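Here is a brief report on one structure. It covers strands, charges and rings.

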Amino acid sequence: MPAPALPIGPARTEILWFLEPGLAAPIGPKFEELLDSRWRVSCAETGPDAEAAIRSLKPDLLVLETPSQSPRSLTLLRTLGGLAGGVPMALISTGPVEPDSIPHEVLDVEQSSAVDVRWVSRLVRAARQGASRSPPRPSLDQLDVALGIDDRAQLLEKARTMVDRTRLWLVLVNLDRFRLVNENFGLAVGDRVLAQVARRMRAVIGETELAGRLGADEVAWFTTVDPTAASERLRQTLRVPYDAAGGEVSLTASVALVSSTTTPTPLERLLARGDAAIRRAKAAGGDVVVSDADENSNAQRWYELDTDLRLALERQELFLNYQPQLDLSSKRLSGFEALIRWRKSTGQLVSPGEFIPALESTGLIVPVGAWVMHQACTTMARWRSEGLADARIAVNVSAVQLRRDDFLGIVDGALLESGLPPECLELEITESLMVDVGTRSIHELLNGLRARGVRVAIDDFGTGYASMAYLRRLPIQVLKIDRSFVKELGLDPKAGGIVRAIVELARALNMSTVAEGVETTEQEVVLAELGCRDVQGFRYAKPMAEIDAGAWWRAHHQKAA
């Protein structure tokens, strides 16, 4: 009897499922045995088997099943993806997974215990949709030609021969949020910018150095000569605005510099260290060079921070300060911003710029962020009961918190337990966060907050890469003007022009503005002339402990009356 014909529809998706050594009970083989009209799984257990399968099957999707998610497993997945020509990828781990740490080209990461036929089908749909949305980009081919390397596989093959016989330096260059260039200005402008990036890189590193593209926005440079000075020149030259069809486009780059410490050194280990360094550069805000020496010295510092932070939670060393926000025209109190601080048992204050990234990288920001929100709401609710009417409390939230499914539940819990009206809570997010969390996810989340009556502000506006489309579509109520622009008011006419543009943009979109870091009378006068609504800064009050902030608003209320 002939086999039943497959239903007419899209071509069947070929899935190459690579089983990393060390798996106690791999789940890939059970999917290999299934007959599905939409997809077919083929398993491989060794590198040569995977390469042969890639050549024969030409897979549409790659899945790596690994004992644990790690930089090494992500590097292996990227290597397989490069061999397969950049097809969509996914990762399955026997142990815990960290979705926040996967690179953007990986569709999904999941624990093996949660993987079933429905998960595979969803993955196939996502891969097909991704393929239809992202056709092959001529600009990437142009970038490869300009760098002199055909593709990732050829680049890594040449690098492997170098690392086996000499000490090798790896410089990873990641264009910070390059995809926003395409989103804001179009693919043609993106193509032109990429070609200029390649020419500038070659001008710095020379024509004979080994360099090539690892991803859509990441380039690797392998060299046997210490590239520290050249890496900084590279970062600087990539910051110069790019010509884009009569206008200019500005970009920055995160640069990671690592070296092999022994010969030979596995290339995968070098790439994994480079990936880790790039993540640290991104966590620092980008536009930085992170060197091998930085990695070694900072590793111990980060370990100490992680240990100290866990002790700080037990010892209740974290606390909140509150800084007032005032209506500029009437000088009436509009609200407070809650700011987390850390004083060790020794009395030493730790900079928020140091410990907040550590909280985010360790995941401790989730319980700490929930505590901050609950504490801030409780404090404001009590102040309202004591006579502080028409004031709100602003709380900063991170991408790690927003990516969690229970975030809205945390907000609901803080409001319910404190009794604070939702309209008195304002959540501050950054421009980059709107992009990092994802367009669809952030839209659904902000709509959920709006439905509750909670306000949303974009913090440090003007320093990131917010698309005008985001501002138009998303339910945002406040733009906070970054202190770097306020600081230059009265000194630099361009700063005044930027602030004026932000105020007018907010007015056109029916948003309000808050200027941060106001310290002088001159800055206040200029802001009033430009039409800024609210202000915050040392001119009015420094961040204060809860008891001092309570005394401050009572005294301010009496003065205003």
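## Strand pairing and the open sheet

Strands β3 (residues 61-66) and β4 (residues 89-93) run parallel and are joined by five bridges. Within β4, Ile92 is the bridge partner of Glu65. Strands here are DSSP runs of E with at least two residues, helices are runs of H or I with at least four residues, and both are numbered from the N terminus. Two strands pair if DSSP finds at least two bridges between them.

The model is predicted: local features need pLDDT of at least 70, side-chain atom pairs count only at pLDDT 80 or more, and totals for chains, interfaces and linings use all residues. Residues are numbered from 1 along each chain as its sequence is written, and side-chain values use heavy atoms, with hydrogens and water left out.

Five strands form an open sheet. Their order is β2-β1-β3-β4-β5, and the pairing is parallel. The edges are β2 (39-44) and β5 (106-111); each has a single partner strand, so one side of each lacks a neighbour in the sheet. On average, neighbouring strands of this sheet are turned by 20 degrees against each other, direction ignored. Axes are lines fitted to C-alpha atoms, for helices over the stretch in contact, and angles run from 0 to 180 degrees between N-to-C directions.

## A helix across the sheet

Helix α2 (residues 47-57) lies across β1 (13-19) and β2. It runs at about 175 degrees to β1. Contact means heavy atoms within 4.5 Å.

## Salt bridges

How many salt bridges are there by this rule? The count comes to 16. The rule asks for a side-chain nitrogen of Lys or Arg within 4 Å of a carboxyl oxygen of Asp or Glu. One of them joins the side chains of Lys480 and Glu337, at 3.1 Å from N to O. Lys480 lies in strand β19 (residues 478-481) and Glu337 in strand β14 (residues 333-343), so the pair ties together parts that are 143 residues apart in sequence. Both Lys480 and Glu337 are buried. Buried means under 20% relative accessible area, exposed means over 50%, and partly exposed lies in between (1.4 Å probe, protein chains only).

Glu524 and Arg539 form another salt bridge, with the closest N and O atoms 3.1 Å apart. Glu524 sits in helix α21 (residues 521-530), and Arg539 in the loop between β21 (534-535) and β22 (544-545), so this pair ties parts 15 residues apart in sequence. Glu524 counts as buried at 11% relative accessibility. Arg539 counts as partly exposed at 35%.

Arg533 and Asp534 also form a salt bridge; their closest N and O atoms are 3.9 Å apart. Arg533 is partly exposed at 46% relative accessibility, whereas Asp534 is buried at 2%. Salt bridges with shared partners join Arg392, Glu426, Arg455, Arg533 and Asp534 into one network.

## Aromatic pairs

The count comes to five aromatic pairs. Rings of Phe, Tyr and Trp (its six-membered ring) pair if their centres lie within 6.5 Å; planes under 30 degrees apart count as stacked, over 60 as edge-to-face and the rest as tilted. Trp17 and Phe31 form a stacked pair, 5.2 Å centre to centre with 15 degrees between the planes. Trp17 is in strand β1 and Phe31 in helix α1 (residues 28-32), 14 residues apart, and the pair links these distant parts of the chain. Trp17 is buried, with a relative accessible area of 0%. Phe31 counts as buried at 2% relative accessibility.

The ring centres of Trp342 and Phe355 are 5.7 Å apart and the planes stand at 90 degrees, so this pair is edge-to-face. Trp342 lies in strand β14 and Phe355 in helix α12 (residues 352-362), so the pair ties together parts 13 residues apart in sequence. Both Trp342 and Phe355 are buried. Elsewhere, ring pairs link Tyr322, Phe336, Trp383 and Trp552 into a cluster.

## Charges over rings

The charged end of Arg200 sits over the ring of Tyr242, 3.8 Å from its centre. The charged end of Lys542 sits over the ring of Phe538, 5.5 Å from its centre. The criterion is NZ of Lys or CZ of Arg within 6 Å of the ring centre and within 35 degrees of the ring normal.

## Around Leu349

Leu349 is in strand β15 (residues 349-350). Leaving out residues up to four places away in sequence, Leu349 touches Phe319, Trp342 and Arg343. Leu349 and Glu317 are 32 residues apart in sequence and 10.0 Å apart in space, C-alpha to C-alpha.
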